[in-house]
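Open the model in your viewer and have the selection tool ready.

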Amino acid sequence: SLLVPLPSVPPSPALHTCQGLAPCLPDEGQVNTSGPRLLLATLHPASGSSAAMDRIFSALLLSLLLLFQSYGVCGAPPQPRGTLCRTKPTDLVFIIDSSRSVRPHEFEKVKVFMSRVIEGLDVGPNSTRVGVINYASSVKNEFSLKTYQTKAALLQAVQRIEPLSTGTMTGLAIQFAISRAFSDSEGARVRSPNFNKVAIVVTDGRPQDGVQDVSARARAAGIEIFAIGVGRVDMHTLRQIASEPLDDHVDYVESYSVIEKLTHKFQEAFCVVSDLCATGDHDCEQICISSPGAYKCACKEGFTLNSDGKTCSACSGGSGSALDLVFLIDGSKSVRPENFELVKKFINQIVDSLEVSDKQAQVGLVQYSSSVRQEFPLGQFKNKKDIKAAVKKMAYMEKGTMTGQALKYLIDSSFSIVNGARPGVPKVGIVFTDGRSQDYITDAAKKAKDLGFRMFAVGVGNAVEDELREIASEPVAEHYFYTADFRTISKIGKKLQMKICIEEDPCECKSIVKFQTKVEDLINSLQQ
């Protein structure tokens, strides 16, 4: 299967430190794929199944937990120490729809998507081989599994592909993959447990031929099929094509402009991770912590990690740090009641992980849809039990998406002294949204950052990337996050390397110590 379980973070005193744990990304070229599988990408207008949204919200939960863990560090972030990503050899075939409904600039986006996936593979005759089928009313074999044996040659070949601009014969293309692309004569390897067969099919509409029977034959031949839908696609067709479980093999993006967001999902899915801490292949002075394809060093309680990322220094102690945190939660109709309950659960998990008091963390909560409603202000509740009870009672608004109005409320009210904000205490806002704002956000987003608020923007599903960037603080790449699929969440976690402690003494993170202990437990439970 392309889905690789995320390894659990082993219980360790490492998380009882002043230093956050920042996962590292595999180096380029160290991610392999495994044997031939069939991956189908198609385009459709549906918003996706309930299960898909559940996975998205689970991803959001883990994102923000990791965000706060990383944002709550003092001292230099741990350095990625090592990477290792091994896979079984894979025969991978892209099956790309270039019918007349795919505009030239959209087809270029598909080529970028293919290139990004290839960039993350370990390409070679004895590892991963890649082929591309281009189809419309007819099928064109752009290049076979045996044609190119280097990554550079593959990337150049992808750039030369031109759209056919006729009909949409998806079934014919899948049949071509079975009879030709995955044949011995075209470079496919003999079916065995040591090789996988994968194909990625991208289409932007309803096929003009049948796909159910031919897809069943492909799966029976050992080809694993993934369906990616874009725009106005028929979800029933995607399910007929894809392998089981459908939640793992059917994906949707609203337009070609965001198809690249699925790249990380497949790069990570092809990677089989080795636990470098368990094998002893590390140089950490005190604690080694595994992450997908890598490891990092941390320190025991009472120590902080040095800038070299592997040695530790004794902490001198501290009285803790204060934080005013406000959640700005999208309660629009598109979220749906069952997913809104997950958002509430997420908030309470974060609250469980904080030291709540007048001198340490204070939490406020604002919900917005067509209007803005303050659920409770900063400082209203003095302990975690009362905060969690108030969150559970929060009623779902279920209307529009006025993100700009909500940001203005955050500035004018949530972080005001009359609503419990403390002068001189760091202000953090987390804006969650699952769609495009129905009002103007630019002025309010800019003002929040100008006032010194640390703003994080988290988008799910149909959230607009440009809006997330506009909300997020600098550096933008470290303050905005988007997830379309659960398996992308570990990639998001690897980017979360922010600081929340502002004391000169990097060991004065007493309020973070217990928080990080909770984070370990929450991450483990979410992975389960």
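This is a predicted model. Start by selecting helices α4 and α5, whose crossing is left-handed. Helix α4 covers residues 170-181 and helix α5 covers residues 212-220; their axes come within 9 Å and cross at roughly 25 degrees. Angles under 35 degrees count as roughly parallel, so α4 is roughly parallel to α5.

Next, show the side chains where the two helices meet. On α4, select G171, I174, Q175 and I178. On α5, the residues in the contact are V214, S215, R217 and A218. Coloured by type, the contact residues of α4 and α5 divide into 4 nonpolar, 3 polar and 1 charged.

Now move to the largest nonpolar core, which has 32 residues. Select L92, F94, I96 and F113, the residues with the most contacts inside this core.

Leaving aside neighbours within four places in sequence, I96 is in contact with F107, V110 and M114, with V132, I133, N134 and Y135, and with I200 and V202.

For the last stop, select F327, V343, V351 and F432. These four are among the residues of a second, separate core, which has 28 residues.

Conventions. Residues numbered from 1 in each chain as written. Predicted model: local features only at pLDDT ≥ 70, side-chain atom pairs only at ≥ 80, totals over all residues. Heavy atoms only, no water. Axes fitted to C-alpha atoms, helices over the stretch in contact; angles between N-to-C directions. Helix = DSSP H or I, 4+ residues; strand = E, 2+ residues; numbered from the N terminus. Parallel < 35°, antiparallel > 145°, perpendicular 65-115°, else oblique. Left-handed = near helix turned anticlockwise from the far one by under 90°. Contact = heavy atoms within 4.5 Å. Nonpolar A, V, L, I, M, F, W, Y, C, P; charged D, E, K, R; others polar. Core = buried A, V, L, I, M, F, W, Y, C linked by side-chain atoms within 4.5 Å. Buried < 20%, exposed > 50% of the residue type's maximum accessible area, 1.4 Å probe, protein only.
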